[in-house]
Structures are given as C-alpha cells and as structure tokens.
Amino acid sequence: MERDGVEGLGSATSPLLLAEKITGDSNKPTGDHSITPLLVFSTFVALCGSFSYGCSVGYSSPAESGIMEDLGLSVAAYSVFGSIVTIGGMIGAILSGKMADLIGRRGTMWICQIVCMAGWLAIASAKNAWCVDIGRFVVGVAIGILTYVVPVYISEITPKNLRGRFTSATQLLVCCGFAVTFFAGSIVGWRALSLLATIPNIVQIVCLFFVPESPRWLAKLGREKEFEATLQRLRGTKSDISEEAADIRDAIETLKHTSDEARTLELFQKRYAYAIIIPISIVTILLMDLFGRRTLLMASATASCLCSFLVGLSFCFQELHYLKEFTPILTVVGIMGFGCGFALGMSGIPWVIMAEIFPVNIKASAGSLVVLTSWASSWVLTYTFNFMLEWSSAGTFFIFSGMCALTISFIWRLVPETKGRTLEEIQSTLISS
C-alpha cells in the first residue's frame with residue numbers, strides 16, 4: 001500500500017493535476033518560470049538565516065579553550081554550554097509554525113534575527129557561565145524557528161521548476177556559516193567571534209524590508225491584491241501567472257472548506273498520515289531538480305551507511321590490533337565519505353520535502369513537529385555520543401550504519417518524489433493517497 005502511495009504521484013487524478021494533462025492547447029502556460037532578480041535577492045536574504053544557523057553550530061569548537069580559560073568552566077560546564085543550543089532549538093521548534101502563520105514568514109525571520117543577535121551579544125559580554133549559557137540558549141531558540149521558516153519561505157516564493165535548487169541552498173549556507181565561523185575562530189578570540197556572528201543577523205534585519213512576503217501566506221489571509229502583485233513581481237512582469245495563481249487559490253479554498261485551522265492532534269488523521277511520516281551542498285543544488293529528491297536521498301543514505309560501517313570497521317581493527325597501518329586511512333576515508341554523503345541529501349533534502357508536502361492548514365503544526373523532532377534527536381545524539389564511545393567505539397558506528405540502512409528502506413517504501421510538481425499538486429496527491 002505504501003508503494004502504491006509513492007507511485008500514485010504519477011497517476012493521481014486530482015483537479016489540481018488536470019491542467020497539466022490537457023495537451024490540446026499549446027498556448028496554455030506550463031507553470032515553469034525563469035529566474036528573476038527579486039526572486040534571487042529574496043532567496044539570498046532568507047538564506048542569511050541558514051548562514052546564522054551554521055555560525056551557531058560552528059561556534060562551540062573554536063571557542064572552547066578560550067571560554068573555559070576565561071570563565072573557569074569545567075568540561076561538564078562547557079558541555080552544557082555546547083548542548084543547550086539544542087534545548088533552545090526545541091523551544092523554537094514549538095513556536096515556529098504558529099509564529100510563521102500569525103505574523104508571516106518575513107516577520108518571523110525579522111524577529112528571529114533580532115533575538116539571535118541579542119543572544120550573541122549576551123555571549124560576547126558574558127562574565128560568568130550563566131551569561132554564556134543564556135546567550136547560547138537564546139540563539140538556539142532563534143535558529144530553531146529559522147530552520148522551519150527559511151525553507152518554507154523559499155519553497156513558497158519559487159516556481160516548481162526552480163524550487164529544489166533554491167531550497168536546497170539552505171544546507172549550502174549552513175555549511176558556509178559553519179566553515180567561516182570555524183576558520184575565524186582560529187584567528188580571533190571567542191568574544192570577537194560572537195560579534196562577527198551578528199553580521200548575518202544585521203544583513204537580514206535590514207534587507208527584509210526590501211523583500212516580499214510569501215504569496216501563499218497572503219492568499220491564505222485573503223489579501224488578493226497583495227497576493228497577485230507579489231506573485232507577479234516574483235515571476236516577472238511579462239510572466240503569465242494566471243494558472244499558478246488559480247492553483248494556489250483553489251488549493252487554499254479547498255482547505256478552508258476542510259478545516260479553518262488544524263490542531264496538532266489533527267495531524268494524525270488518516271488523510272495526513274502519509275505526509276506526516278516523511279519529514280546539501282553545491283552538488284545537491286545542481287542535482288536536486290535533475291535527479292529528484294528521492295534519488296538523492298537514497299544515494300545519500302547508502303553512502304552514509306557504508307561510510308559509517310567503514311569507520312566502525314577501522315575501530316574494530318584497531319581494538320583487535322589488526323591491519324594497524326590501514327586503520328587511519330579507513331577512518332579518514334569513512335569520515336570524509338560520510339560528510340560528503342550526508343551533505344548530498346540527508347542533511348538538507350528532508351527540509352525541502354518538509355516545506356513541500358504539508359498543506360497550508362496543517363503546515364504550521366506539522367512543520368513545528370518536524371523541527372521539534374529534529375532538535376530533540378540532536379540533543380539525544382549529542383548527550384549520548386560520549387557514553388556510547390566509552391561503551392564501544394566500533395559498536396557506536398555500527399549502530400549508526402544500521403540506522404542508515406533502515407533509512408534506505410524507509411525512503412524506498414514511503415518517501416514520494418516531488419520533483420517538477422507544484423506545492424498544490426504534491427499536497428493534493430498525498431492527502432488523497
């Protein structure tokens with residue numbers, strides 16, 4: 001049955017799909033649009049949120065020695081500082097969906113960056129452990145919200161033929177933020193590094209005044225004139241937006257008749273069950289709309305599985321004093337291969353799919369649940385990792401490899417292909433399957 005749901009994407013007969021099946025009128029718009037300057041600029045501004053996320057992830061490692069020395073923190077106390085950002089992320093995840101629906105995607109990003117900047121300033125001026133912990137927690141709350149609203153905003157402003165490449169850029173900017181912060185941390189002190197981390201906050205706070213709100217959010221509120229004007233600006237003045245605008249209106253109108261607002265418990269109704277169980281790098285951006293989300297996820301999970309097994313095998317050889325000269329090579333190849341494989345798909349594509357599959361009436365609650373699950377899982381992993389290594393280094397990575405193997409099966413059986421379809425087509429198909 002699950003397999004039928006996946007294959008149903010190509011055979012669904014939802015009214016939203018009928019327009020694409022009519023081939024008699026060659027002049028009918030296809031829904032494919034070209035890149036416009038406003039679309040690129042709006043995406044760039046939104047991606048400042050992803051860069052901020054990368055900064056927060058990359059901060060704790062280069063700042064460790066400086067903070068521990070200046071504030072007299074023990075290893076345990078610094079572990080609290082490093083992991084408390086995930087607690088903040090969980091709080092942000094709970095707030096993210098409702099906040100984005102209440103004040104809009106643009107307003108949510110603007111408030112998050114102000115909060116994030118306040119957190120970095122608290123860290124930069126901290127005199128004790130409490131101050132750095134509070135600042136780190138506040139940063140976590142902000143990026144917990146941003147991990148939801150950034151991919152949602154980008155997916156809602158881009159046309160279907162560009163959505164994969166544009167949305168997958170979120171992971172590229174996370175990696176860039178991480179790399180820049182890690183590199184800068186080897187040059188400047190931890191207080192100066194905190195101040196440098198506010199740069200993307202400031203850029204997004206200023207530039208958000210010059211980008212449009214999500215047209216789908218405007219349509220949901222019934223602000224028709226703003227909806228049409230915004231969609232036209234994003235697609236270009238010469239583009240025909242009639243078909244896309246009609247599809248968006250029809251989908252929102254259908255959902256209004258279904259339910260004015262979905263509560264969290266309603267996510268587990270049968271019609272939403274298939275969507276709710278599904279929750280990047282430069283290469284991913286280039287390949288996303290060429291090979292599709294599902295194919296890249298399969299390749300990413302397979303590479304992560306094999307490379308985790310390779311790392312576990314190297315630790316196993318080391319413990320058995322076997323092939324000692326090759327174990328360092330196996331470890332390096334395994335870790336680098338895992339990093340590349342994970343970045344190929346599993347790190348970013350789930351966020352793309354999350355932004356695509358949920359209808360407007362449950363997107364807030366469902367998106368919050370997905371982000372909360374992600375941050376909670378991150379906390380569990382960061383908290384237990386050292387204990388697992390003490391138990392067995394080889395066993396730890398064999399367990400990771402097994403989890404990746406389960407992921408391969410999960411993707412094969414349940415995850416649909418969303419390449420080349422409008423958001424309304426994807427959501428209509430999933431609900432009806």
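Me: What makes helix α17 (residues 349-357) largely enclosed by the rest of the structure?

Reply: The buried residues of α17 are I349, W351, V352, I353, M354, A355, E356 and I357. Buried means under 20% relative accessible area, exposed over 50% and partly exposed in between, for a 1.4 Å probe and protein chains only. Because 8 of the 9 residues of α17 are buried, the helix counts as largely enclosed. Helices are DSSP runs of H or I with at least four residues, numbered from the N terminus. The model is predicted, so local features need pLDDT of at least 70 and side-chain atom pairs pLDDT 80 or more, while totals for chains, interfaces and linings use all residues. Residues are numbered from 1 along each chain as its sequence is written, and side-chain values use heavy atoms, leaving out hydrogens and water.

Me: Why is N201 called buried?

Reply: The relative accessible area of N201 is 0%, so the residue is buried. N201 lies in helix α9 (residues 199-207).

Me: What does the side chain of N201 make a polar contact with?

Reply: The partner is the side chain of Q113, at 2.6 Å. A polar contact is a pair of N or O atoms within 3.5 Å; within protein, one must be able to donate a hydrogen and the other to accept it, and residues adjacent in sequence count only if both atoms are side-chain atoms.

Me: Why do R105 and E156 count as a salt bridge?

Reply: A salt bridge is a side-chain nitrogen of Lys or Arg within 4 Å of a carboxyl oxygen of Asp or Glu. The N to O distance between R105 and E156 is 2.9 Å, so the pair qualifies. R105 belongs to helix α5 (residues 105-124) and E156 to helix α6 (residues 129-157), 51 residues apart. Both R105 and E156 are buried. A network of salt bridges links D101, R105, E156 and K220.

Me: What parts does the pair R249 and E224 tie together?

Reply: The side chains of R249 and E224 meet in a salt bridge of 2.8 Å, N to O. Because R249 lies in helix α12 (residues 242-258) and E224 in helix α11 (residues 224-235), the pair ties together parts 25 residues apart in sequence. R249 is partly exposed at 27%, and E224 is partly exposed at 32%.

Me: How do you know that C305 is in no disulfide?

Reply: A search of the whole structure finds 0 disulfides. The nearest cysteine sulfur to C305, that of C404, is 5.9 Å away, whereas a disulfide needs two cysteine sulfur atoms within 2.5 Å. C305 is buried, with a relative accessible area of 13%.

Notes
Helix = DSSP H or I, 4+ residues; strand = E, 2+ residues; numbered from the N terminus.
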